Amino acid sequence: MGSPIVLGIESSCDETGAGLVRDGQLLGHAVASSMDEHARYGGVVPEIASRAHLHSLRPVVRQALEQAGLTLSDIGAVAVTTGPGLSGALQVGLAGAKGIAYALGVPLYGVHHLAGHVAADTLEHGPLPNPCMVLIVSGGHTSLLLVRDLARDPIVHLGDTLDDAAGECFDKVARVFGLPYPGGPAIDRTAREGDPRAVAFPRPLPGTYDFSFSGLKTAAARWAEGHAGRELPVADGAASLQEAVADVLTRKAVAACAEYEVGTLVVVGGVAANSRVRSLAEERCKAAGIELRVPPVKLCTDNGAMIAAVGDLLVRAGAEPAPLDVSIDPSAPLGYAALHPVAAVAGAA
């Protein structure tokens with residue numbers, strides 16, 4: 001008999017996701033997004049997100065089970081995002097996961113959200129090479145990581161976001177350009193009609209593996225302000241911004257592969273769905289003799305399948321399940337794939 005079927009639950013931001021994985025194989029998954037409810041505000045509203053998770057959690061679990069042709073009784077373990085993310089949103093997912101795990105009498109595993117993005121690639125391309133270089137690019141995070149055994153070993157940070165992440169930069173500049181939320185897809189669509197060389201936007205922090213996109217965001221805003229009273233060439237601005245972001249991300253990632261003698265680059269996270277990031281990474285990896293792995297677009301954005309994938313790895317590695325009083329950590333650093341925080345007892349010394 002094989003490994004148990006793992007149900008994964010994701011609720012860190014504005015997507016409610018459920019996925020089912022066994023032995024590295026995705027059996028079914030479903031996602032419900034509250035993005036449209038946040039669009040009028042130009043960004044995610046935590047209370048709206050939390051309420052949306054409450055309404056969506058049971059339906060997405062049911063949809064994932066139906067897609068896989070399974071029932072709740074087939075589940076042998078539950079994995080859930082315990083951080084980082086929006087506090088209320090994480091609490092909804094954890095409460096639901098605890099309820100299912102305890103009702104079924106199966107182990108529960110807390111998972112770091114960013115480790116989920118890393119594991120998402122295994123559902124498409126199989127086990128991660130040991131070692132591999134991982135570039136995580138999302139709305140709130142941009143990190144360059146050296147990953148060995150994802151389920152067992154510590155994750156080595158070579159570089160991280162110092163201020164605005166790449167996705168956050170896209171969202172904020174899109175608003176300045178008059179483009180809709182979410183900004184990343186809007187920038188990508190608009191850039192197709194523009195000239196990526198039209199505006200000489202800066203390439204932040206050369207010579208280091210850390211990332212900083214606040215200066216690029218400001219440069220784009222100043223460029224737009226310079227067109228006051230004239231029509232803003234939005235397509236050129238979007239194409240030039242996208243090129244600057246893709247250039248910085250892929251240049252640093254390929255350089256890190258060379259320095260650490262790693263032959264595989266894995267690009268994950270919501271911004272990994274960006275067409276220019278994908279194409280430039282492919283171009284530069286091919287030139288450097290590096291294998292490039294990027295999950296399909298449906299697994300780049302937040303989803304429950306990626307959390308189930310981590311849970312599946314933890315189960316097969318013999319990792320300890322989470323304690324009964326496992327809590328959330330909305331600002332948890334990425335050290336290991338498993339994340340089992342326990343809330344401090346009030347009044348404790």
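**Pockets, sheets and backbone features of the model**

Helix 11 supplies the largest share of the lining of the second largest pocket, four residues. Helices (H or I, at least four residues) and strands (E, at least two) are DSSP runs, numbered from the N terminus. The model is predicted: local features need pLDDT of at least 70 and side-chain atom pairs pLDDT 80 or more, whereas totals for chains, interfaces and linings use all residues. Residues are numbered from 1 along each chain as its sequence is written, and side-chain values use heavy atoms, with hydrogens and water left out.

The second largest pocket has a volume of about 340 Å³. It is lined by 20 residues, of which T122, P127, L128, L313 and R316 are the closest to its centre. Two elements each give two or more residues to this lining: helix 5 (122–125) and helix 11 (304–316). By class, the lining of the second largest pocket holds nine nonpolar, five polar and six charged residues. Here Ala, Val, Leu, Ile, Met, Phe, Trp, Tyr, Cys and Pro count as nonpolar, Asp, Glu, Lys and Arg as charged, and the others, Gly among them, as polar.

A pocket is an open set of points on a 1 Å grid over the protein atoms alone, where a 1.4 Å probe fits, with protein on both sides within 12 Å along at least five of seven lines; lining residues have an atom within 4 Å of a point. Points are joined across faces, edges and corners, and a volume is the space filled by probe spheres set on them.

The largest pocket reaches a volume of about 1100 Å³. Its lining counts 41 residues, and S138, G139, G140, D171 and Y181 are the closest to its centre. Helix 1 (35–39), helix 4 (113–120), helix 6 (166–176) and helix 7 (183–191) are the elements that give two or more residues to this lining. Helix 6 gives the largest share, seven residues. The lining of the largest pocket divides into 18 nonpolar, 15 polar and eight charged residues.

One is formed by five strands in the order 3-2-1-4-5, with mixed pairing. Two strands pair if DSSP finds at least two bridges between them. Strand 3 (25–33) and strand 5 (108–112) are the edge strands, and each pairs on one side only. Neighbouring strands are turned by 20° against each other on average, direction ignored. Strand 4 (residues 75–83) runs parallel to strand 5, and five bridges join them. In this pair, A79 stands opposite Y109 in strand 5. Helix 4 packs on the sheet and touches strand 1 (5–10), strand 4 and strand 5; its direction makes about 90° with that of strand 5. Axes are lines fitted to C-alpha atoms, for helices over the stretch in contact, and angles run from 0 to 180 degrees between N-to-C directions.

The other sheet is also open and mixed in pairing, with five strands in the order 8-7-6-9-10. Strand 8 (156–160) and strand 10 (291–293) each have a single partner strand, so one side of each edge strand lacks a neighbour in the sheet. Strand 6 (residues 132–137) and strand 9 (residues 264–268) pair in the parallel sense over four bridges. M133 stands opposite L265 in strand 9. Helix 9 (residues 234–259) lies across strand 6, strand 7 (142–147), strand 8 and strand 9, and runs at about 160° to strand 6.

Two cis peptide bonds are noted. The bond from G83 to P84 is cis, with omega near -15°. P84 is placed in the loop between strand 4 and helix 3 (87–104). The bond from N130 to P131 is cis, with omega near 5°. P131 lies in the loop between helix 5 and strand 6. D23 is not a glycine, yet has a positive phi of about 50°. D23 sits in the loop between strand 2 (15–22) and strand 3.

The protein chain averages a pLDDT (the predictor's confidence in each residue, from 0 to 100) of 95, and 98% of the residues score at least 70. Over residues 345–349, pLDDT stays under 50, and the model has zero contacts beyond four places in sequence for them. Contact means heavy atoms within 4.5 Å. Where pLDDT is low, the predicted coordinates should not be read in detail.
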